[in-house]
Every structure is written in structure tokens, then in C-alpha cells.
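Biologist: I am new to this structure and would like a guided tour. Could we go through it piece by piece?

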Amino acid sequence: MTINEKNYAYGASKSSIREIAAYGAARKAQIGAENVFDFSLGNPSIPSPDAVRESIERSLQLPPTQLHSYTPAAGLPFVREKLAASLCRRYGENTAAAGDLYLTCGAAASLSISFHAVVNPGDEVIVIAPYFPEYRVWIETAGATCVEVMADPETFQIDTEAVRAAVTPRTKAVVINSPNNPVGSVYSAQNLAALADVLHEREDALGTAIYLVADEPYREISYGVEVPWVPAIYDRTLVCYSYSKSLSLPGERIGWVLVPPTNPDHDRLVPAIAGAGRSLGFVCAPALFQRVIADCCDVPSDVDAYARNREALTRGLSELGYHYIEPQGAFYLWVKALEPDANAFFERAKSLELLPVPSDSFGCTGWVRIGYCVSYETIVNSMPAWKKLAESYK
Ligand code: PLP
């Protein structure tokens with residue numbers, strides 16, 4: 001039987017992050033949940049705001065045929081109006097109109113729709129390593145090649161000169177993710193402006209158009225630093241957003257793609273986004289949760305709980321002598337492994353019931369990611385194990 005070998009391989013090969021999480025769950029069943037420190041997943045640990053439940057309860061009063069029916073492919077018009085108005089309040093008057101927004105099943109769908117909307121077979125899409133591993137799957141499925149460019153190894157900001165060197169006549173897009181998974185960095189306005197200069201210079205020299213795909217599920221989760229609005233810095237931007245992290249709704253699958261009105265290709269991109277959603281078979285975003293985000297798009301995320309975890313984790317690990325990148329956003333800490341081989345370091349951590357994710361999963365060696373979207377107690381109670389791990393290298 002001949003089947004699609006590429007999709008067979010995607011399905012048959014295991015995601016190492018999921019494998020660690022599955023190991024963690026099995027180990028908890030064996031020795032007790034309180035004895036395993038699982039930092040592998042990016043599943044929000046704080047509950048959704050009360051406003052989410054209230055919104056759902058209000059929607060349940062609607063006639064079921066109205067509530068559960070198909071919506072227009074791009075989403076309910078009143079929802080898109082509300083989201084656009086919210087974006088204009090936050091980022092300036094002409095940030096978005098309802099017609100510029102296409103509602104999706106979360107950032108995963110926003111990204112794969114965006115790639116399908118812009119790439120042709122043989123194109124290249126640049127990702128900044130370390131990067132969210134699913135980018136490669138979505139880029140390749142859209143028919144393009146995924147080109148990795150390492151971030152600056154000291155600051156983990158974008159190495160704009162390395163991007164310049166990687167751009168070819170086939171480069172169709174660059175994906176950036178800020179606040180960043182896995183590093184926790186936030187790209188500064190200056191860094192993004194330097195990237196914009198490089199892309200414009202390359203577009204002019206090569207006579208091509210290069211899109212910036214801004215993957216922003218962590219936009220609301222930052223710790224006292226500004227998260228610059230990318231379309232204000234680079235014109236050919238597409239913004240991919242999701243409520244998975246900001247409202248703790250990862251299982252409900254709701255987000256959007258924005259084609260900013262300032263994008264010079266706006267009028268062709270809007271139908272291309274709709275066409276990509278159609279060709280991928282999305283039909284429409286979940287109807288109930290379209291209504292929820294209309295009600296809750298201005299409800300603040302509970303960043304304080306993550307800030308408390310971040311503080312306990314960074315204080316504890318720095319006292320033990322670990323080197324890490326100061327996290328400015330998201331809920332991940334990027335920690336230098338105590339030996340060059342991150343997988344070997346992970347195995348040693350695992351023997352002490354600590355489960356971070358080795359950096360090889362994100363396209364880079366020598367680090368681990370600690371997801372601190374866990375309970376505060378998990379962080380505090382894990383410290384003796386982190387201490388033992390550090391001591392084992394002395
Ligand atoms: N992009 C990044 C960087 C992520 O970390 C995630 C999820 O963890 C996604 C995209 C996908 O998010 P969603 O749940 O909205 O599809």
C-alpha cells in the first residue's frame with residue numbers, strides 16, 4: 001500500500017517534548033506526582049479568567065442552532081469588529097479592520113495558513129534557532145525549505161547579519177517569535193528595526209518580497225519589558241496570534257491571523273489567507289470560542305503567577321551557579337547545560353526526577369528549556385534536585 005510517506009514519518013516519529021511529558025506522567029504514577037519535577041510542556045498552569053466561564057454561560061443561553069452553526073470562514077463579523085477595535089486601541093488607529101482578521105484554530109493554524117498563503121514549491125523560509133520545532137513541519141508541508149539561522153549566542157536576540165547572509169532569491173519569509181519559546185527573550189525594537197533594514201535591503205537588491213511572520217502566542221506574557229508591535233516596524237508582516245497562553249485556552253483552539261492594512265500586498269494576501277484556510281480544510285474557527293474571545297480580548301492575563309514562578313526559579317538556580325538567559329517573557333527558562341551534550345545532561349537530570357527539555361529539540365546544542373508554567377511548589381520542591389545535579393558536575 002502506498003501512502004504519504006512524509007506524513008507517515010511525521011506521525012510515526014515521536015516529538016521528544018511529548019515523549020518526556022509521557023515519561024513524566026508514567027513516572028508520577030510510579031513514585032508519586034510530588035516526587036517528579038516535570039518542566040517539559042508549555043501547558044498554562046493558571047486557570048482561565050472567570051470572564052471566560054461567564055462568557056460561555058452567556059453563550060449557552062443562545063438557541064443551539066445559532067450557537068453551534070457554521071460561521072463565515074473568517075469568523076463572525078461582530079467578533080472580528082471587536083478584535084479589530086481592541087487592536088486599534090492598543091497599537092494605534094489604523095492597526096486593523098475587521099476584514100484584516102481571519103480567525104483560526106490557534107497559532108498552529110495561523111502559522112500553517114500563513115505559510116500556505118505565501119510560499120510556492122522551492123521557496124525558503126528562515127527560522128531563528130532555537131525555535132519551536134513544529135515550524136519545520138508546517139513550512140515543509142507548505143512546500144518550502146526550512147532554513148535555520150542561529151540567534152546571537154550571547155543575547156539570543158536575532159543575529160541580523162546572519163539573517164542577511166542566509167537570504168537568497170528563494171527566501172519568501174522569516175518567522176520570528178517574541179516573547180520567545182524556548183528562550184524567554186523578547187526582541188527589542190532596535191533589534192527588530194535592524195532586521196527590517198536587512199530585509200528591505202535584501203528585497204531591493206534581489207527584487208523580491210520577503211514576509212515577516214510574527215508568531216505571537218506569548219505577546220501578553222512579559223515581565224516589565226515592552227513587546228514591540230512588529231507591523232509598525234516592518235511593512236510586509238503577518239501577525240499570528242492565539243489565546244492558548246493569554247487566556248489559558250490551549251485545548252479550545254482559537255486565534256487569528258492579521259494582515260495589517262499597511263502590508264503592501266494586503267489586498268491579495270487577505271484572499272490568500274482565506275484560500276489557505278479553505279484548502280487546508282479548516283472551515284471556521286470554533287464558534288463558541290469566537291464568542292468567548294469577543295468578550296475576553298481585553299481581559300488581562302494573570303502574569304503575576306508566572307512572575308512569581310520565574311522569580312523563584314531564577315533565584316534558586318542562580319544561587320546554585322547555573323547560567324541562564326534572563327527571561328523577559330513567555331514562561332520558559334533557557335539554562336546552559338553543565339556539559340556540552342544537552343542530551344547527556346538531560347539524562348543525568350532525569351535520574352534525579354528533573355524533566356527539562358534538551359535544546360537539540362529546538363535546533364541548538366548545549367542548553368535545556370525549563371517550562372515554569374507549573375505549580376509554585378513544583379519549582380520550590382525541585383531545588384534540592386537541581387542542587388544535586390550541579391554538585392554531580394563538581
Ligand atoms: N508557536 C509557539 C512558539 C508555541 O510555543 C506554540 C505552542 O506552544 C504555538 C505556536 C502553537 O500555539 P497554539 O496552541 O495556539 O496552536
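This is a predicted model: local features need pLDDT of at least 70, side-chain atom pairs count only at pLDDT 80 or more; totals for chains, interfaces and linings use all residues.

Biologist: What does the UniProt annotation cover?

Modeller: The unreviewed UniProt entry carries the annotation "domain: Aminotransferase class I/classII large" for residues 35-378. Over residues 35-378 the chain is 38% helix and 16% strand. The end C-alpha atoms of that stretch are 9 Å apart.

Biologist: Let us take strand 3. Are its residues buried or exposed?

Modeller: Six of the six residues of strand 3, residues 124-129, are buried, so the strand is largely enclosed by the rest of the structure. Buried here means under 20% relative accessible area.

Biologist: Which way do the residues of strand 3 point?

Modeller: Glu124, Ile126 and Ile128 point one way, while Val125, Val127 and Ala129 point the other way.

Biologist: And in which sense do strand 3 and strand 4 pair, parallel or antiparallel?

Modeller: Strand 3 pairs with strand 4, residues 145-150, in the parallel sense over six bridges. Within that pairing, Val125 stands opposite Cys146 of strand 4. Between the two strands the chain passes through helix 7, residues 134-141, and this β-α-β crossover is right-handed.

Biologist: How many bridges link strand 3 and strand 5?

Modeller: There are four bridges between strand 3 and strand 5, residues 171-177, and this pairing is also parallel. Val127 has Val175 of strand 5 as its bridge partner.

Biologist: Now to strand 8. Which of its residues are buried, and on which side?

Modeller: Both faces of strand 8 are covered. Gly255 and Val257 are buried on one side, and Trp256 and Leu258 are buried on the other.

Biologist: How does strand 2 run relative to strand 8? What stands opposite Leu101?

Modeller: Strand 2 and strand 8 run antiparallel and are joined by four bridges. Leu101 stands opposite Leu258 in strand 8. Strand 7 is likewise joined to strand 8 by four bridges and runs antiparallel to it. There, Val239 stands opposite Leu258.

Biologist: What do the buried residues of helix 5 pack against?

Modeller: They pack against strand 2 (101-104), strand 8 (255-258) and helix 11 (287-296). The buried residues of helix 5 are Val79, Arg80, Leu83, Ala84, Ser86, Leu87 and Cys88.

Biologist: What span should helix 5 have, and how far apart are its ends?

Modeller: Helix 5 has 15 residues, 77-91, and at 1.5 Å a residue it should span 21 Å. Its end C-alpha atoms are 21 Å apart, which agrees. Just after helix 5, Gly92 takes a positive phi of about 120 degrees.

Biologist: A change of topic: where is Ser222?

Modeller: Ser222 is in the loop between strand 6 (211-215) and strand 7 (237-242). Ser222 is buried, with a relative accessible area of 18%.

Biologist: What does Ser222 touch?

Modeller: Not counting residues up to four places away in sequence, Ser222 touches Val227, Val303, Gln328 and Gly329.

Biologist: In what order do the four strands of the open sheet come?

Modeller: The order is 9-10-13-12, and the pairing is antiparallel. Strand 9 (324-325) and strand 12 (357-358) are the edge strands, each pairing on one side only. Two bridges connect strand 9 with strand 10, residues 332-336. Ile325 has Trp334 of strand 10 as its bridge partner.

Biologist: Lastly, is Ala22 buried, exposed or partly exposed, and what is its place?

Modeller: Ala22 lies in helix 2, residues 16-31. Ala22 is partly exposed, with a relative accessible area of 46%. The C-alpha atoms of Ala22 and Asp38, 16 residues apart along the chain, are separated by 10.0 Å.

Note on methods:
Residues are numbered from 1 along each chain as its sequence is written. Side-chain values use heavy atoms; hydrogens and water are left out. The expected span of a helix is 1.5 Å times one less than its number of residues. Buried means under 20% relative accessible area, exposed over 50%, partly exposed in between (1.4 Å probe, protein chains only). Contact means heavy atoms within 4.5 Å. Two strands pair if DSSP finds at least two bridges between them. A crossover is right-handed if, with the strands pointing away from the viewer, the path from the first strand over the helix to the second runs clockwise. UniProt positions are given in the numbering used here, feature names are shortened, and annotations may be inferred rather than shown by experiment.
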